[in-house]
Amino acid sequence: MSDQQKELGRSPPNYEALRFMAAGTLGASLLGLSSLTFAGTVIFLILAAPFLVVFSPILVPAAIILVLSTAGFLFSGGSGIGGLAVTFWMYRNARGQHLFGADQLDFARMRIASKAWGMKERAKEGGEFVQNKAQENTEA
């Protein structure tokens, strides 16, 4: 069997375990970040509440505190939703269910591989052409 036939028959390595570990790490990190952000926002609001009462006539600091606490809660919720989405994706991946965008990714991978193989063949043919021309010139 030629090298080209061996190369075409060989399937790409399976990276399922690596994907699973990466998704688990990302999901756990986002969930941890979400809980830390939520706790920090709650502590910030507890510490800021007396200042809101004492300095209530001054609306600018109150508005700043309100904006910061809202941003903290939104970031916390977004990180939590992201962590849950990654966890859900990891669960579906582990069960072997269809993943979002997997078909497009496989299509793109196969198209790139076929183009690379075609370029390799064209380069090989070009090299053979140049060799033949060089032999013809040296014989003449």
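Predicted model: local features only at pLDDT ≥ 70, side-chain atom pairs only at ≥ 80, totals over all residues.
Leaving aside residues up to four places away in sequence, Thr 41 touches Ser 69, Gly 72 and Phe 73.

Two packed helices are described by the angle between their axes and the distance between the axes. For helix H2 (residues 16-54) and helix H3 (residues 59-95), the axes come within 8 Å and cross at roughly 160°. An angle over 145 degrees counts as roughly antiparallel, so H2 is roughly antiparallel to H3. The crossing of these two helices, H2 and H3, is left-handed. Sorted by class, the residues in the contact of H2 with H3 comprise 22 nonpolar, 14 polar and two charged ones.

The UniProt entry, which is unreviewed, lists residues 20-52 and 58-91 under "transmembrane region". In the model, residues 20-52 are 100% helix and 0% strand, and the C-alpha atoms at the ends of this span are 46 Å apart. Residues 58-91 are 97% helix, again with 0% strand, and here the end C-alpha atoms lie 50 Å apart.

Terms used:
Residues numbered from 1 in each chain as written. Heavy atoms only, no water. UniProt positions renumbered as here; feature names shortened; annotations may be inferred. Helix = DSSP H or I, 4+ residues; strand = E, 2+ residues; numbered from the N terminus. Axes fitted to C-alpha atoms, helices over the stretch in contact; angles between N-to-C directions. Parallel < 35°, antiparallel > 145°, perpendicular 65-115°, else oblique. Left-handed = near helix turned anticlockwise from the far one by under 90°. Nonpolar A, V, L, I, M, F, W, Y, C, P; charged D, E, K, R; others polar. Contact = heavy atoms within 4.5 Å.
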